[in-house]
Amino acid sequence: MSINQKLQEALEISLAQQTRSEVRLSDLVLIAGGSSQETWRLDLWVAEGTWQGNHKLILRRPLGGAIFQQALDLQREFSTITAAVAGGVPSPKPYWLLENLLGYPATLVERLEGESIGRKIAKEPYFAEARRQLPRQMGEAIAAIHQVDLTAHRLAEILPGLVTGQTPAQTRRAQIEAELEYIGEPHPVLELGLRWLHQNEPPPPDQIVLVHGDYRVGNVLVNQRGLVAVIDWEFAHVGDYAEDLTYPLVREWRFGFDHLHFGGIGSPEAFFEAYSQSTGRVVDPARIFYWELMGNVWWAIGMLKQVQRHLRGEQPNLEFASLGRRCAEMEFEILRLLKIADRKESVCKTAQPALS
Amino acid sequence: MQDRPTSPELIETVAQFLNEELAPALVSDPRMRFRVLIAGNILNILSREIAEGEPLMRAEWARLTELLNGETEPQPPVHPAELYQATAALTHDLSNRIRAGEADSGAGWERIMAHLEKTTREKLQIANPRFLERDSQLSKQEG
């Protein structure tokens with residue numbers, strides 16, 4: 001029996017129990033998904049009861065192995081999405097968490113129509129209006145995420161990100177250092193970036209918030225009018241708001257449209273402005289610069305981690321292998337940002353005598 | 001001596017097949033098409049590396065010995081695998097020195113920064129020359 005048939009049968013049994021009804025399942029198809037989970041699409045018909053009717057769903061199952069050690073398991077991801085949706089965040093509605101489906105947990109969430117492939121959203125004429133709307137819409141959506149109640153679904157307890165006695169920036173830097181140690185290759189540019197991040201640490205943020213952790217064009221569903229939903233929650237954690245405000249600016253997530261600082265589609269101003277209006281939080285440029293550099297270092301590490309999954313045989317994969325030669329793009333951007341920081345610093349130093 | 005096509009010519013031929021024949025035939029399977037284009041791109045990287053890689057690594061080795069030891073040693077290793085090992089060891093040393101604070105400010109910063117910029121550009125010259133072209137256009141626009 002094929003995996004499709006096995007999965008279909010197991011799902012039908014499991015969903016009949018969940019819905020206490022006869023169910024019919026159709027069009028179960030494996031689709032493109034994250035790199036640490038399997039993602040399937042399916043249609044469900046429920047004969048009677050609370051769930052009576054037709055449902056378009058997404059099924060996710062773990063593949064084993066994750067890009068970062070901090071990746072959430074499906075259970076915690078499901079709790080996060082549930083809390084976010086309850087807090088008014090546009091995100092696919094969660095349906096069920098199945099504890100055991102063919103030996104693995106699985107989640108079912110609403111399937112919404114939209115495009116998530118970043119380079120298409122940044123490039124295709126079809127998304128021109130969406131590109132105009134997205135900076136503002138993504139600013140509002142991340143504002144909603146940062147206002148999610150951390151006591152809901154015990155998020156403050158179950159999510160990673162905080163270590164006693166450390167600021168979020170210190171915690172993230174320690175994670176990067178540990179990952180680099182694991183990777184075991186010399187990357188002097190990343191060392192230089194880490195050194196700067198060490199010496200220019202911002203004070204703790206005014207508040208610890210729910211951080212999406214992978215917030216960018218490519219992890220939002222988009223239609224012709226713009227944002228449909230925020231997806232890909234597996235790196236959610238608690239921490240500094242500036243992390244999510246800068247990740248869409250990271251060079252990689254401009255999809256080759258480098259001059260468009262926000263996601264290859266626009267300028268960050270509209271994004272920051274919408275965020276400030278919704279949260280009342282003043283966006284601090286120094287904190288933004290710091291976390292933008294951090295984001296570029298973080299994704300450089302992300303690439304190198306994927307390469308290791310390939311090289312160590314954990315998940316042999318052509319695309320993972322190819323990322324090894326793309327890390328230099330991130331390094332180039334890190335050096336560019338470090339030079340900007342250096343210029344700013346020398347301007348401050350020469351300006352000081354005049355001020356005193 | 002092997003007959004032609006030479007190894008760079010063979011790589012070029014397969015890259016062309018993947019990018020120009022196979023990929024366009026896969027319109028109905030965008031995921032596979034994407035992977036074929038990645039494979040084609042990897043072959044293009046390889047062919048640039050065969051053509052330009054070794055002299056670049058030799059120059060990098062010389063820069064590193066000068067930067068770290070203050071002098072250029074008379075000769076880099078001749079065998080490519082040894083040259084690779086030696087350059088990797090020097091890069092490892094540079095990483096440790098950055099961690100120890102040697103690039104924090106002043107002349108150390110300037111010299112290490114200059115080396116890293118050059119090295120990163122050379123990596124991109126092999127891995128993605130279009131990225132460098134795009135960037136130089138961007139720098140021009142920004143003045």
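Reader: At what angle do the axes of helix 2 and helix 4 of chain B cross, and within what distance do they come?
Author: In this predicted model, the axes of helix 2 (residues 30-69) and helix 4 (residues 106-127) of chain B cross at roughly 170 degrees and come within 8 Å. Angles over 145 degrees count as roughly antiparallel, and helix 2 of chain B and helix 4 of chain B are therefore roughly antiparallel to each other.

Reader: OK, and which residues make that contact?
Author: On helix 2 of chain B they include B:Ile45, B:Arg48, B:Glu49 and B:Leu56, while on helix 4 of chain B they include B:Arg111, B:His115 and B:Glu122. Taken by class, the residues of this contact between helix 2 and helix 4 of chain B divide into five nonpolar, four polar and seven charged.

Reader: What about helix 1 of chain B, how does it pack with helix 2 of chain B?
Author: Helix 1 (residues 7-25) of chain B packs with helix 2 of chain B at an angle of about 160 degrees, and their axes are 9 Å apart. That angle makes helix 1 of chain B roughly antiparallel to helix 2 of chain B, and the crossing of these two helices is left-handed.

Reader: Which residues are involved there, and of what classes?
Author: Among them are B:Ile11, B:Val14 and B:Leu18 of helix 1 of chain B, together with B:Val36, B:Leu43 and B:Ile50 of helix 2 of chain B. The contact of helix 1 with helix 2 of chain B has 14 nonpolar, five polar and two charged residues.

Reader: Switching to chain A, what is the strand order in the sheet?
Author: Chain A has an open sheet of five strands in the order 1-2-3-5-4, with antiparallel pairing. Strand 1 (23-31) and strand 4 (94-101) of chain A stand at the edges, each with a single partner strand, so one side of each has no neighbour in the sheet. Direction ignored, neighbouring strands of the sheet are turned by 25 degrees against each other on average.

Reader: How many bridges join strand 1 and strand 2 of chain A?
Author: Strand 1 and strand 2 (residues 37-46) of chain A pair over seven bridges in the antiparallel sense, and A:Ile31 stands opposite A:Thr39 in strand 2 of chain A.

Reader: Which strands does helix 1 of chain A lie across?
Author: Helix 1 (residues 3-19) of chain A lies across strand 1, strand 2 and strand 4 of chain A, and runs at about 135 degrees to strand 1 of chain A.

Reader: And how many residues does each chain give to the contact between chain A and chain B?
Author: Chain A gives 21 residues and chain B gives 28 residues. On the side of chain A that touches chain B, the elements giving two or more residues are helix 7 (188-199), helix 11 (318-323) and helix 12 (327-355) of chain A. By class, that side of chain A has nine nonpolar, four polar and eight charged residues.

Definitions and conventions. Residues are numbered from 1 along each chain as its sequence is written. Chains are lettered from A and ligands numbered from 1 in the order in which they are written. This is a predicted model: local features need pLDDT of at least 70, side-chain atom pairs count only at pLDDT 80 or more; totals for chains, interfaces and linings use all residues. Two residues are in contact if their C-beta atoms, placed from the backbone, lie within 7 Å. Helices (H or I, at least four residues) and strands (E, at least two) are DSSP runs, numbered from the N terminus. Ala, Val, Leu, Ile, Met, Phe, Trp, Tyr, Cys and Pro count as nonpolar, Asp, Glu, Lys and Arg as charged, and the others, Gly among them, as polar. Axes are lines fitted to C-alpha atoms, for helices over the stretch in contact, and angles run from 0 to 180 degrees between N-to-C directions. Angles under 35 degrees count as roughly parallel, over 145 as roughly antiparallel, 65 to 115 as roughly perpendicular and the rest as oblique. Two strands pair if DSSP finds at least two bridges between them. A crossing is left-handed if the near helix is turned anticlockwise from the far one by less than a right angle, and right-handed if clockwise.
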